[in-house]
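Here is a friendly walk through one protein chain, written for someone who likes to check things residue by residue. Please keep the viewer open as you read.

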Amino acid sequence: MLGFTLCLIFPSPLVFSLSSQIAELVVDNSRSADGEVEGLTDEFTELEFLSMVNVGLSSLAKLPSLPKLRKLELSDNNLSGSLETLSEKCPNLTYLNLSGNKIKELSNVEALQNLKSLQSLDLFNCEITSLEDYRESVFELLPQVTYLDGFDQEDNEAPDSEAEDEDEDGEDGAGPTGDYDDEDDEEEDEDGSEGGEEDDEDEEDYGEEEEEEEDQAGVQGQKRKRDVDDEGEEDDDDEDD
């Protein structure tokens, strides 16, 4: 099924007709009426990402059922409790951003224990962060959480999913350049080896020519020697006469 990313500014018939196919929905800076964002219903059955930043939420009691929702942005609202609703309406959440809300005590986030798949929680700019041993206490209270405010218990930063996607795209787009280089090297090696063989053949031909010239010189030398010897014998015969 196709998924869509939608930035909802005002409700329209088109939004409602496509609601069952939308995977990402952004309603930032909209206004909620009595804890309810107009147009956001449980018809968004395929929704995986929902952003409701600065929409004036003070309660999540009217949040629709979103069984496939994995990432929820709720920063800069007026939430202080009612988080138990999340485990009922969005049981598969892995990422939850509650930064900039009115969460003051550990008891406010205790309800998140029921979100068994929750891996990343953001409470930045909430009063709870000023508590002594805040990080240790939250990790102890929510053992399923790996990253709190962007860092794990060893202060390792959470990976950036967008950066990972860009890296993968870059790797895919780079193409098998190594293979082409290898092929070029092989072609160069073949050209070089062929050139070497031709040089060897030229050297062999040149050597054979030198040997032939030497042989010819030797024959000529022997002939001259025989001619000289013959002349010497003729002179002796003349003297005897």
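The sections below go from the ground rules to the core, the charged residues, an annotated stretch and the backbone.

## Ground rules

This is a predicted model, in which local features need pLDDT of at least 70 and side-chain atom pairs count only at pLDDT 80 or more, while totals for chains, interfaces and linings use all residues. Residues are numbered from 1 along each chain as its sequence is written, and side-chain values use heavy atoms, with hydrogens and water left out.

## The nonpolar core

In soluble globular proteins, nonpolar side chains tend to be buried together. Here the largest nonpolar core has 41 residues. A nonpolar core is a set of buried Ala, Val, Leu, Ile, Met, Phe, Trp, Tyr and Cys residues joined through side-chain atoms within 4.5 Å; buried means under 20% relative accessible area, exposed over 50%, and partly exposed in between (1.4 Å probe, protein chains only). The residues with the most contacts inside this core are Leu 50, Met 52, Leu 86, Leu 96, Leu 98, Leu 112 and Leu 121. Strand β2 (22-26) and helix α4 (134-141) each supply at least two residues of the core, and the largest share, four residues, comes from α4. Helices (H or I, at least four residues) and strands (E, at least two) are DSSP runs, numbered from the N terminus.

Take Leu 112 as a place to look. Not counting residues up to four places away in sequence, Leu 112 touches Leu 83, Leu 86, Leu 96, Leu 98, Leu 118, Leu 121, Leu 142 and Gln 144, where contact means heavy atoms within 4.5 Å.

## A buried aspartate

Asp 122 sits in strand β8 (residues 120-122). What does its side chain reach? The side chain of Asp 122 comes to 2.9 Å from the backbone nitrogen of Phe 124. Asp 122 is buried and has no salt bridge; Arg 135, the nearest side chain of opposite charge, is 8.7 Å away. For charges, Lys and Arg count as positive and Asp and Glu as negative, with His and the chain ends not counted. Beyond its neighbours within four places in sequence, Asp 122 is in contact with Leu 96, Asn 97, Leu 98, Ser 99 and Asp 149.

## One salt bridge

Side chains of opposite charge can pair when their charged atoms come close. A salt bridge is a side-chain nitrogen of Lys or Arg within 4 Å of a carboxyl oxygen of Asp or Glu, and by this rule the count comes to one. The partners are Lys 68 and Glu 46, with their closest N and O atoms 2.9 Å apart. This pair links distant parts of the chain, 22 residues apart: Lys 68 is in the loop between β5 (49-51) and β6 (71-73), and Glu 46 is in the loop between β4 (36-37) and β5. Lys 68 counts as partly exposed because its relative accessibility is 40%, and Glu 46 is also partly exposed, at 21%.

## An annotated stretch

The unreviewed UniProt entry places "domain: U2A'/phosphoprotein 32 family A C-terminal" on residues 131-149. UniProt positions are given in the numbering used here, feature names are shortened, and annotations may be inferred rather than shown by experiment. Over residues 131-149 the chain is 42% helix and 11% strand, and the end C-alpha atoms are 14 Å apart.

## Positive phi

Most residues other than glycine have a negative phi. Asn 54 has a positive phi of about 55° and lies in the loop between β5 and β6. Asp 133 also has a positive phi of about 55°, and is found in the loop between β8 and α4. Asn 54 is partly exposed, with a relative accessible area of 33%; for Asp 133, likewise partly exposed, the value is 47%.

Methods:
A polar contact is a pair of N or O atoms within 3.5 Å; within protein, one must be able to donate a hydrogen and the other to accept it, and residues adjacent in sequence count only if both atoms are side-chain atoms.
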